[in-house]
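Hello,

Here is the structure for you to look over. My notes on it follow below.

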Amino acid sequence: MLSVLIAATLLQTTKLEPVLGGIGEVVAGIRPHPAQILGLYMRRSRINALIDPRIRQAANDPWIRVGETTTSVKEAKVDGMSCLMLESVATREILTNNPMEGQMRIGVERRITRTRRLWVAEDGSIVKNWFEQSSPDRFTVEMLFGNGFLVVNKTVDGKVTTRQIDLDIDPILFENEFLTVAWAGKVLKKTKPFATLDPFVGGTRLMQAEVYGPFAALEGTDPVNGFRVEIHEGKQTSTAWVTNDGRLLQYDLASGDRLIVEPKVGDPGISKVQVGRGGG
């Protein structure tokens, strides 16, 4: 089985972070859809625990579920303006053990939960970004675009801190985040640069999406077709597997983590992948 994976973290961080969604929308554009849940997996040998060295052999290093990401897009209004709102809730469990104190079984040390809500106007402009960390330490961040600047409001324990940041990149790059590159079996744009906001792992992030080619695979026992798209950020590359109708099936993060679809039947992820087939 080829279980190729997802990034908000997002994508490229090597830290143990939840992975916020939206990569399917980066590829296929933003359209209303019900909530989709993907499991977050990492190799057992990367867990912060004292594990038998023999498990570190690749053949005996299974994927362990350490969280999940739920993403939906709904119609909404902001100040009377019709928008689409993308909402993504991501969790991650930090696992550990301590054999020196008799704790042999791996358990949850702490859980991180984060939410992203983003409002996109009918013309594709980003109206507002809102982020929340609800555990372990609660805070919210609201980001509003101005004319060449960004207003950031951070709320901790009811206290709001506001600052204005001058944007040194073209604002159109933020609108490019949901510019469609592949949809309905067709490539509409081979590559696109885009920018996104992520207060958890570094504020403004510059990326490039590049369509690698079509694929055909199995989701459990169901055949699926779509496109493999590489997401470049600096020198790191993550890989998204997105169906022709815009569903994210797997996201292979540069960090080594995987965001994976969990079918009702069969192992998590996609299997029997044939690259270069099924794109339409």
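**Strand pairing and confidence**

Strand E1 (residues 33–43) pairs with strand E2 (residues 63–78) through nine bridges, in the antiparallel sense. Here strands are DSSP runs of E, at least two residues long, numbered from the N terminus. Two strands count as paired if DSSP finds at least two bridges between them. Opposite Met-42 stands Ile-64 in E2.

This is a predicted model: local features need pLDDT of at least 70, side-chain atom pairs count only at pLDDT 80 or more, and totals for chains, interfaces and linings use all residues. Residues are numbered from 1 along each chain as its sequence is written, and side-chain values use heavy atoms, with hydrogens and water left out.

E1 also pairs with strand E16 (residues 258–261), again antiparallel, over four bridges. Leu-40 faces its counterpart Leu-259 in E16.

Next, E5 and E6. Strand E5 (residues 126–135) is largely enclosed by the rest of the structure, because eight of its 10 residues are buried (under 20% relative accessible area, 1.4 Å probe, protein chains only). Six bridges link E5 to strand E6 (residues 139–145), and the two run antiparallel. They form a hairpin, with three residues between them. Gln-133 has Phe-139 in E6 as its bridge partner.

On confidence: the mean pLDDT (the predictor's confidence in each residue, from 0 to 100) is 86 for the protein, and 84% of its residues reach 70 or more. Residues 1–14 have pLDDT below 50. Beyond near neighbours in sequence, that stretch has 85 contacts in the model (heavy atoms within 4.5 Å). Where pLDDT is low, the predicted coordinates should not be read in detail.

Best wishes

Terms used
Buried < 20%, exposed > 50% of the residue type's maximum accessible area, 1.4 Å probe, protein only.
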